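Please look over the sequence and the model below before reading on. The paragraphs after it are meant to be followed with the structure open beside them.

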Amino acid sequence: MKVFEINKEIFKYSFGSPIDTSSVVVKGGTPVESKVMEHFEVSRGNSVMLKFAMDSKAAVYGLGENQRGMNKRGGLYHSYCSDDAVHTPDKKSLYGAHNFLLMDGPEHFGVFIDFPGRVIFDVGFKNKDILEITICGSNAEVYIVKGNNSRSIVRSFIRLVGASYVPPKWAFGYQQSRWGYADSEEIKALIGSFLYHDIPCDAIYLDIDYMENFKDFTINGNSFPEFSHFVSSIREKGYRLVPIIDAGVKIEKGYDIYEEGIEKGYFCKDGNKKPFVAAVWPGKVHFPDFLNSDARNWFGSKYKLLTDCGIEGFWNDMNEPAIFYSEKGLNCAIEKAKASEGKNLGVDDFFGLMDAFNGVSNSPEDYSSFYHDFDGTILEHDTVHNLYGFYMTKAAAEGLKAIDPGKRFLLFSRASCIGMHRYSGIWTGDNHSWWEHLLLNIKMMPSINMCGFLYCGADTGGFGGDVNSELLIRWMQFSIFTPLFRNHSALGTRRQEPFAFDEDTTGILRNVIRLRYVLMPYLYSEYMKAAIKGDMYFIPLSFEYGDEASKGAEDQLLLGDSIMLCPVYTENARGRYVWLPEDMLLWKAFDYEKREYEVVKMGHQYIEVGLAETPVFIKKNSILVIGRHARNIDSLDSRELQIIAFVEDKAEYELYDDDGCTYDYRKGAFSEINIMIEKREGTFAIEVRAKGDIRTKRLSFVIIDMNGKITESAINSSNFKSSGS
Ligand code: GLC
């Protein structure tokens, strides 16, 4: 084991000869003479095992996209990107491999395992007080991150792995998706419904049906004739189309992507050095070898075929990679079935036969039978499995950068690994229309943020299964706060567009979706500040409040500096219990023009929440900035903004904005409005400072004091002081 000091907060422990996964951006470090790893007992063989005795009260956060609570204690997790559409609590892996964990106890630290294969995190599962991390290989890097508190540990970790991806501003709008929008006529009709119902929306998704026989970078000319023209006509109406790209390339003579990949040798190889064959949507496919930089550049350059048609965003899918079957795997099962034909099967034979078929997809045997050319080093897929989706998305991001270096494209992926957060966002895959999955969504968001991914969200309403209107309403009321806000559902399920139910539901959802646009000044500001500073957007209560109840609050979240969310996630509930670590101001948002506020005292409180209401708590001495709704992000008007402030003595807020479409913010091209409200001799003094290209002409203030007394006032931009003066 070699030890390096990366900086004051981070030490690296290196085992064997690890490959550079490119998960971290701060390389090197100063070698340190040490034989021990801080906090952990280390044992080595074919794998590296780390053991830590947890304090009985310590909480464990992190592990990104995963099952169970925000506090991961009690669970067994396998970090191995998995295509599994049934996210029940017993599942050990979902689509992401997010190997960062934060120990919040007397020993307070973060640990990141930079390893591209399977890592097992036993967080008090076998033994309730033991954390045991098994790295299934002998070449790995382990980083221990120190800090004064959980938030500062996360910030140090994000400095190590680099700043998060930033999408274009339009990608913060409401997005409508469904597997099964069959053709351009259906999409036009869908847009007609959004316009008719006067519901804002920014993007419509194209699932696999837009392609010709599920072939990447092709368009089905029958269902989507004159594609470029179609894209621009939709854009003129104010919407963007976002097509899916799958990892597997269909094997078909004459299909140019297939032919080129074969000719240049860009596909993963089997044990006989032949392109590995697997089957996904189009039947048999080859997998591009995204770990090879030439193959990556080649695949990335293909996105241009769609950007040339006016496309500005993509979702990368099936990139664990998902394998329906390999010929070998399927044949084994078929042989077993043939051998069983006509026989009187007892329990073992019958279930053995069932298992043979159930085990055909995504089998360990298949993942061990193909190889990557990692720029000269041949690696068995299983050993680098968690990099595949990451590198596919890196290919896309680099391709898009080459197409237009200054432009922010929308990009997110299903499979992921830490490091990919610099290139794109993620969605949490094939969840279900279950109340449990709304709660899981709530718990997962801060864990994902801790691992660097800021642009994230779940399939709102649930992907599999049939949603009812109440679940959709409650889910939307949470998703309006997630950076990616997309309603997506599976083929054959009940329709779940906001107007798919009764009129009352449509009315409620119209207001909920509008609220997303109303909240944009705050949400965008918080997202961008988190991205620029390398911080979180969703934060567990315990990161800010030290009390025991906050530590246990798994169904409430802080969002940025000013607000706390306590979504309703129970069917038929018209209220819920909330823990308030301090007095807060409650706005039950429904019609944002008619706002009412209530001061809720610190403690365990029951709040009533009608079906149409979205509860938003404004923290003490905090400010929420809102605007007005519009039909899409591009039409938002920020000339007049409303300030809702809950002030005991002094509140301050920095409102960030930028052009929303380029990276110029990195060169300082952004605006900031600094708002300060201070109680002085019984009245509130307001000071506003501004920097950059400010579009806001007027700020209207509603200041609520601790007794609920409201003071209103307004200030015009002519009275803004310039920053620094
Ligand atoms: C996968 C994706 C899902 C998509 C479907 C069809 O299941 O996770 O979002 O709709 O494939 O492409």
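Predicted model: local features only at pLDDT ≥ 70, side-chain atom pairs only at ≥ 80, totals over all residues.

Residues are numbered from 1 along each chain as its sequence is written, and side-chain values use heavy atoms, with hydrogens and water left out.

The protein chain contains 16 helices and 45 strands, where helices (H or I, at least four residues) and strands (E, at least two) are DSSP runs numbered from the N terminus. Its C-alpha trace spans about 85 × 65 × 55 Å along the principal axes. The radius of gyration of the protein chain is 26 Å, which agrees with the value near 27 Å that a compact globule of 725 residues would have; this radius is taken over C-alpha atoms, and the globule rule is 2.2 Å times the number of residues to the power 0.38.

Which residues come nearest to the ligand? Of the 13 residues around the ligand, these are Asp207, Asp317, Arg414, Asp430 and His488, a residue being near if one of its heavy atoms lies within 4 Å. The shell divides into eight nonpolar, one polar and four charged residues, where Ala, Val, Leu, Ile, Met, Phe, Trp, Tyr, Cys and Pro count as nonpolar, Asp, Glu, Lys and Arg as charged, and the others, Gly among them, as polar. Taken alone the ligand exposes 300 Å², and the protein buries 97% of that, with accessible areas coming from the Shrake-Rupley method with a 1.4 Å probe.

Rolling a probe the size of a water molecule over the atoms shows where empty space is left. On a 1 Å grid over the protein atoms alone, a cavity is a set of points where a 1.4 Å probe fits but cannot get out, whereas a pocket is an open set with protein on both sides within 12 Å along at least five of seven lines, and lining residues have an atom within 4 Å of a point. Grid points are joined across faces, edges and corners, and a volume is the space filled by probe spheres set on the points.

The largest pocket holds about 520 Å³ of space. Its lining is made up of 33 residues, of which Lys169, Ile633, Asp657, Asp658 and Arg695 lie nearest the centre. Helix 15 (520-533), strand 40 (650-658) and strand 41 (670-680) each give two or more residues to this lining, and strand 40 gives the most, with four. By class, the lining of the largest pocket has 14 nonpolar, five polar and 14 charged residues.

There are also six cavities of 30 Å³ or more, and the largest cavity has a volume of about 60 Å³. Among the residues that line the largest cavity are Arg474, Phe478, Cys566 and Thr614. Helix 13 (469-479) gives the most to this lining, with three residues, and the classes there are seven nonpolar, two polar and one charged.

Most residues other than glycine have a negative phi, and most peptide bonds are trans. The peptide bond from Glu320 to Pro321 is cis, with omega near 0°, and Pro321 sits in the loop between strand 21 (313-317) and helix 7 (327-340). Ser22, although not a glycine, has a positive phi of about 65°, and Ser22 belongs to the loop between strand 2 (10-15) and strand 3 (30-32).
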